[in-house]
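Reader: Could you take me through how strand pairing and ring contacts are read from a model?
Author: Let us take the strands and then the rings.

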Amino acid sequence: MKTRRLVLSMAAVIAGAATVVLVPAQAQAGTADCDAYLRPDVYKQVYSLSVSGRTVKLMNGAALNFSYTNVDGGQSGDLVWIDRSRNGIPNSLPKYPSTAQVNGEGGWKQCGPFKIEWWTTDGRITDLVMNWNTTQQRHYATRACIRPNGGGVTCGSWYVDRT
């Protein structure tokens with residue numbers, strides 16, 4: 001009960017113009033390369049892409065520096081995940097680096113995949129990855145990915161939050 005009260009209090013303090021999201025633990029596989037599973041924050045959409053009738057969004061936290069993937073209109077059996085660069089991305093690279101540039105900086109890790117089940121087809125989210133390490137002063141590249149049931153893998157652009 002105390003934990004719930006603390007989370008709700010933190011969410012109320014953080015609340016602003018954007019939506020406050022409490023990201024729940026929904027891990028089914030691949031969580032070893034995730035950085036967190038519950039962080040209340042002010043999350044904003046970085047981009048969205050349409051894949052086989054699904055809307056895949058990269059969501060970025062403003063205060064605690066975590067990101068996740070959100071899927072609306074998913075179907076049972078879809079797989080969704082978020083990728084994050086293993087190393088910090090230097091400021092010399094663009095805000096939207098290429099896969100080759102991310103690979104050249106040490107590659108990436110995959111948080112997920114998380115399987116969409118019949119009860120999670122709308123608003124399915126992944127666990128979290130860190131997009132900015134304040135201690136080490138490193139910005140990481142992140143991207144949202146999906147493999148629709150019976151389809152191929154589609155990932156959005158890499159994104160580095162330098163705000």
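Reader: To which strand is β2 joined, and by how many bridges?
Author: Strands are DSSP runs of E with at least two residues, numbered from the N terminus, and two strands pair if DSSP finds at least two bridges between them. Here β2 and strand β3 (residues 54–61) run antiparallel and are joined by 8 bridges; Gln45, for instance, has Met59 in β3 as its bridge partner. The hairpin of β2 and β3 has 2 residues between the strands, and Ser52 takes a positive phi near 50° in this hairpin.

Reader: On what basis are these values given?
Author: The model is predicted, with local features needing pLDDT of at least 70 and side-chain atom pairs counting only at pLDDT 80 or more, whereas totals for chains, interfaces and linings use all residues. Residues are numbered from 1 along each chain as its sequence is written, and side-chain values use heavy atoms, leaving out hydrogens and water.

Reader: How is a pair of aromatic rings described?
Author: One gives the distance of the centres and the angle of the planes. Rings of Phe, Tyr and Trp (its six-membered ring) pair if their centres lie within 6.5 Å, and planes under 30 degrees apart count as stacked, over 60 as edge-to-face and the rest as tilted. By this rule there are 3 aromatic pairs. One of them is Tyr43 with Tyr68, at 5.0 Å centre to centre and 70° between the planes, hence edge-to-face. This pair links distant parts of the chain, since Tyr43 lies in strand β2 (residues 41–51) and Tyr68 in strand β4 (residues 66–72), 25 residues apart.

Methods. Helices (H or I, at least four residues) and strands (E, at least two) are DSSP runs, numbered from the N terminus.
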